[in-house]
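Please consult the sequence and the model shown below.

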Amino acid sequence: MFRISLVSCISLAFAISLATAGETPESAVKLSAADIADKNVAARGGLQAWRAVRTMSLEGKVGAGGNQRATLQLPMPGQKSGGQSLQHLANPRPVEEVQLPFAMELERPRKMRFELQFKGQTAIQVFDGANGWKLRPFLNRREVEPYTAEELKIASMQADLDGPLVDYAAKGTQIELAGKEKVENRDTYKLKLTMKNGQAIHVWIDAQTFLEAKIEGQPKRLDGTDHPVEVYYRDYRPVSGLQIPFVLETKVLPVAKTALGIKDTPVPTEKIIVDKVVVNPKLDEKLFSKPAIEVTPNAK
């Protein structure tokens, strides 16, 4: 759902969906934005079924570390980009992607705990609906730190565990049909959602299944420039009467030129593979509190 700040991509990524074929060919009926939203909710299991979901836990793997991105070329000091001498900016990330185990717990309203394992260390990110904390041992940050103001803003704007279209009117969201587009050779409806706080995102609904095909993610800043982000939902499977996408792919789109004035290069897709989902597990409320870190006498 996971574009790794640990979870900004994730939060968007886990707008959960249910696969059911549309009953009427898309070309036979002209549908409004409200019609499409209603069909989406029905296809995902129905409004009452989603209202009954209070908690959810997920386990799987997050692709991280891969870098097939071309090496950036920067002009040497005092030289224009068209000059002969260029400085190569090597990226330290390894070329091969590694799959890192993760576990995520969700609870209404917008509570989240995310853990990521790497070389025997556990990174943690927690949001209790109002406050957030993070532990980043990968960066040698071994103390629990509060969310920054920007991180709190992003977390507070994420969709609840049922996604942005379930109960959209009650959430104060306005929707409109922004047109029809092809997404990977499939016809989709493009919906524009404007949240109560003024944030606007786009969601692409498959014209046959009425499931989310992709959703617009939080922009990612690279090389001093904000890049558009898209999250694709794939491989829907049944879980407790609902169906959930077990593969999510985050694509960071290139821009014409970065803030450095150089041509942008493609960014590799980041993939999340979900192995296990439990609907309405009993969760300890301590999971959504500030993490307590045990420090051994020999810890450094």
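Is Glu 230 buried or exposed? Glu 230 is buried, with a relative accessible area of 13%; buried means under 20% relative accessible area, exposed over 50% and partly exposed in between (1.4 Å probe, protein chains only).

The model is predicted: local features need pLDDT of at least 70, side-chain atom pairs count only at pLDDT 80 or more, and totals for chains, interfaces and linings use all residues. Residues are numbered from 1 along each chain as its sequence is written, and side-chain values use heavy atoms, with hydrogens and water left out.

The protein chain has four helices and 15 strands, which are DSSP runs numbered from the N terminus (helices H or I, at least four residues; strands E, at least two). Of its 300 residues, 46% count as buried.

The structure holds 21 salt bridges, each a side-chain nitrogen of Lys or Arg within 4 Å of a carboxyl oxygen of Asp or Glu. Three of them are tabulated here.

| Pair | N to O distance |
|---|---|
| Glu 212 and Arg 44 | 3.1 Å |
| Glu 230 and Lys 214 | 3.0 Å |
| Lys 271 and Glu 249 | 3.6 Å |

Glu 212 is buried at 3% relative accessible area, and Arg 44 is buried at 0%. Lys 214, the partner of Glu 230, is likewise buried, at 7%.

In the pair of Lys 271 and Glu 249, Lys 271 is partly exposed at 32%, whereas Glu 249 is buried at 12%. Salt bridges with shared partners join Glu 184, Arg 234, Glu 249, Lys 251 and Lys 271 into one network.
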